[in-house]
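Hello,

Here is the structure we talked about handing over. Please have a look, and then read my notes below.

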Amino acid sequence: PMPPALRLTQPKRLAVASAGSKRGMVRATATATSKVPFSKFQGCGNDFILIDNRTTEEPCVSPEQAVKLCDRNFGVGGDGVIFALPPVGDTEYTMRIYNSDGSEPEMCGNGIRCLAKFVSEIDNAPPGKCRVHTLAGVMVPEVRDDGLVTVDMGEPILVPADVPTTLRSDSGDDSAPAVRAPLTLPDGQTFAVTCVSMGNPHCIAFVDDEVYNKDGSVCFDLAGTGPQVEGNAAFPARTNAEFAKVRNRALIDMVVYERGAGPTLACGTGACATVVAGVLEGVCDRVCDVRLPGGTLSIEWRESDNRIYMTGPGDRVFGGELAL
C-alpha cells in the first residue's frame, strides 16, 4: 500500500461557479446545508468572493471556510471573502471581510468598491452614494455613471500609537507622524518608512530602485522582504507593507504585501496611505495616481477637509453557488 505520507485524498468540493448572467446574485440565507449564492468581483486585480448576507447578522461563511474558498486550486480563488451585512446606525449596510488566511481586517479599499458595485447591481440601484459601516468606521462609496467607484475613505490616522506602531518621529513628539523612520529587518535591510493608518495599518517605503520591469512585471522582492515588514515587532497588529517608486509628483509605482493575504495585484487603502506618505515626505502632490500591478487608482488627499478620496474600478467576473 501507499505510505501514509503519500496517500492522496480527494479535496472537498467547495463551489460550483457559472459564468453566465447575474442570476446568481441573490441574497444568501445561511444554513448548515444550504448552497450560498456568490459573485466574484475584482478591482485592479484584487479579487474577492462577494456574498449578500443582509438577512443575517453574522457571516454565513466561517474564517476556516473562507481560507478554503480563497484557494486558487481547490476553491473559487480570491484574496478574500466579503459580506454585505445588515446596516448599523444610519448606514445602508455593513461590510465585513475575511482575508485568504482567515484573518479579519478592518477595511479593504478595493473590496469596498467591489461591494458597492455588487450591492448596486443586486438592488438595481441607479448610480449614487451609500453609507457603509466597517470596522474602520463609516465609508461612503459612490457608484458613478461611468462605472467607476469613488470612495470617501475618511481621514488618515497619523499618530503612531494609533496606527499602531512603536516607530516614532525623530522630533521627540510622540503624537507626530512617523515619517522616514528607520526600520531594520531581520535580514539586515534598512528602510526609511512612513507609517499611516487608513483604519488598517500601513508601512510605506519609497525606494530608489525600480519596482516593475519594463514589461510591467514586479521585480521587487516582495516574497522575501514583505513578510519581514508585515510581522515586524514595530507593528503590534502586523501591517500592510508598501514599496513605492516615485515617477513624478502625480504618479507613483507601488507594490504591496498585504497583511493576511501576501503579495496582491492591488491594495486600495495601501494606495491611499502611499499618497499620504508621499505628501508627508514631500515627493508627490495631493492628487496623484498610484500604478499597481493590476491597474491604476486615482487618489486625492483633499486639503479642505483632510479626507481621502479613491477612484477606481470594481467589476463582476462571474457568479455561482458555494456548496458548504
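In which loop does C44 sit? C44 is in the loop that links β2 (35-43) to β3 (46-52). One caution before going on: this is a predicted model.

C44 has a positive phi of about 55° and is not a glycine. C44 is also buried, since its relative accessible area is 3% and the cut-off for buried is under 20%.

N306 is another non-glycine residue with a positive phi, here about 65°. Its loop runs between β17 (295-301) and β18 (308-312). N306 counts as partly exposed, because its relative accessibility is 27%.

There is a cis peptide bond to check as well. It joins V163 to P164, with omega near -5°. P164 belongs to the loop between β9 (149-152) and β10 (181-184).

**Helix α4**

α4 covers residues 268-281. Its 14 residues should span 20 Å at 1.5 Å a residue, and the end C-alpha atoms are 20 Å apart, so the two values agree. Of the 14 residues, 13 are buried, so the rest of the structure largely encloses α4. G282 follows α4 and has a positive phi, near 80°.

β12 is made up of residues 201-206. Is this strand enclosed or open? Six of the six residues are buried, so β12 is largely enclosed by the rest of the structure. Both faces are covered. P201, C203 and A205 are buried on one side. H202, I204 and F206 are buried on the other.

Which way does β11 run against β12? β11 (residues 190-197) and β12 are antiparallel, joined by five bridges. T194 has I204 in β12 as its bridge partner. The hairpin of β11 and β12 has three residues between the strands, and G199 there takes a positive phi near 95°.

β13 (residues 240-248) also pairs with β12, in the parallel sense and over five bridges. H202 stands opposite N240 of β13.

**Where to look**

For the backbone, go to C44, N306 and the V163 to P164 bond.

Best wishes

Note on methods
Residues numbered from 1 in each chain as written. Predicted model: local features only at pLDDT ≥ 70, side-chain atom pairs only at ≥ 80, totals over all residues. Heavy atoms only, no water. Helix = DSSP H or I, 4+ residues; strand = E, 2+ residues; numbered from the N terminus. Buried < 20%, exposed > 50% of the residue type's maximum accessible area, 1.4 Å probe, protein only. Expected span 1.5 Å × (residues − 1). Pairing = 2+ DSSP bridges.
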